[in-house]
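Student: I have a structure open and would like to talk it through with you. Could we go region by region, starting wherever I happen to click?

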Amino acid sequence: MFHVEHKYKINMTLEEVKAAIRNVPDFPIPGIQFKDITTALARHDCLCWMKDEIVNHYKDLGITQVVGIESRGFILAPAVAMEIGAGFVPIRKHNKLPAETVSYTYTKEYGYDTIQIHKDALNENDIVLIHDDILATGGSMEAAINLVKKLGVKKIYVNCIIELEGLNGRKYLQGKADDLYFLFGIEVDE
Ligand code: AMP
């Protein structure tokens, strides 16, 4: 089994990590409480704590590929992949990936969005962890799950750093992946 050696000491409580997430009211539009993770990422202790929490949860599950959702899913996904012995695969917005892709189009609050993945990035032998920074309604994660399913993988685990409570994202995703794990919840209006 894969063994993780810690080269640093992290003494953080969950409350300290939560407090390091900055709330920005009315961004990008009035009424939205934007949870800004950059303030937590900028702290070495928080950054390592978040990465380690994910690594410890997934290190013994035989995951072969960690799929990150553009763009904030790209921050921790490769770091986790390196430690759990997996590769990293990006899901990108339309027309960004250079080789042959498969696409999934889904409805958003206003209009549509298309996400893509390289066709040869995953196959039926892969055990996949899909990672993003924040789960809100679950719409983006559901689209990512449906996209990955098109490539016929063996198993799909789902992880976000933050679950926004009060939006029912977890309930919305129930049964759509093999396992859901969020590091902590924050009230959507907190
Ligand atoms: P959803 O598809 O509704 O689950 O939204 C998830 C995506 O939108 C994630 O990629 C988040 O980074 C982003 N997002 C949604 N709501 C917020 C919020 N209040 N603060 C920061 N990011 C958000």
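Student: Where is the place of asparagine 168?

Tutor: Before anything else, please keep in mind that this is a predicted model. Asparagine 168 is in the loop between strand 8, residues 155–165, and helix 6, residues 169–173.

Student: And what is its phi?

Tutor: Asparagine 168 has a positive phi of about 65°, although it is not a glycine. Most residues other than glycine have a negative phi.

Student: Is asparagine 168 buried or exposed?

Tutor: Asparagine 168 counts as exposed because its relative accessible area is 53%, and the cut-off for that class is over 50%.

Student: Which other residue has a positive phi although it is not a glycine?

Tutor: Aspartate 26 has one, with a phi of about 60°. Aspartate 26 lies in the loop between strand 1 and strand 2, and with a relative accessible area of 46% it is classed as partly exposed.

Student: What about the bond that joins glutamate 70 and serine 71?

Tutor: The peptide bond from glutamate 70 to serine 71 is cis as well, with omega at about -5°. Serine 71 sits in the loop that runs between strand 3, residues 65–69, and helix 4.

Student: Now the ligand. Which residues around it come nearest?

Tutor: There are 13 residues around the ligand, and those that come nearest are Asp132, Asp133, Thr137, Gly138 and Ser140. By class, this shell is made up of 4 nonpolar, 5 polar and 4 charged residues.

Student: What sits 2.7 Å from an oxygen atom of the ligand?

Tutor: That is an N or O atom in the side chain of aspartate 133. An oxygen atom of the ligand is also 2.8 Å from a polar backbone atom of glycine 138, and a nitrogen atom of the ligand is 3.0 Å from a polar backbone atom of glutamine 33.

Student: How much of the ligand's surface does the protein bury?

Tutor: The protein buries 80% of the 490 Å² that the ligand exposes when it is taken alone. The space that the ligand takes up is the largest pocket.

Student: Back to strand 2. Is aspartate 36 buried or exposed?

Tutor: Aspartate 36, which is found in strand 2, counts as buried because its relative accessible area is 10%, and the class takes in values under 20%.

Student: Which side chain does the side chain of aspartate 36 make a polar contact with?

Tutor: The partner is the side chain of threonine 38, and the contact is 2.8 Å.

Student: Which side chain does a polar contact join to that of glutamate 163?

Tutor: The side chain of arginine 170 is the partner of glutamate 163, in a polar contact of 2.8 Å. Glutamate 163 belongs to strand 8, and with a relative accessible area of 11% it is buried.

Student: Changing topic, is methionine 82 buried or exposed?

Tutor: Methionine 82 is exposed, since its relative accessible area is 64%. Methionine 82 lies in helix 4, residues 77–84.

Student: How far apart in space are methionine 82 and glutamine 65?

Tutor: Going from C-alpha to C-alpha, methionine 82 and glutamine 65 are 10.0 Å apart, and they are 17 residues apart in sequence.

Key. Residues numbered from 1 in each chain as written. Predicted model: local features only at pLDDT ≥ 70, side-chain atom pairs only at ≥ 80, totals over all residues. Heavy atoms only, no water. Near = heavy atom within 4 Å. Polar contact = N/O pair within 3.5 Å; in protein donor to acceptor, adjacent residues only side chain to side chain. Areas by Shrake-Rupley, 256 points an atom, 1.4 Å probe, with all protein chains shown as cover. 1 Å grid on protein atoms, 1.4 Å probe; cavity = no way out; pocket = protein on both sides within 12 Å on 5 of 7 lines; lining within 4 Å. Sits in = over half its atoms within 2 Å of the grid points. Nonpolar A, V, L, I, M, F, W, Y, C, P; charged D, E, K, R; others polar. Helix = DSSP H or I, 4+ residues; strand = E, 2+ residues; numbered from the N terminus. Buried < 20%, exposed > 50% of the residue type's maximum accessible area, 1.4 Å probe, protein only.
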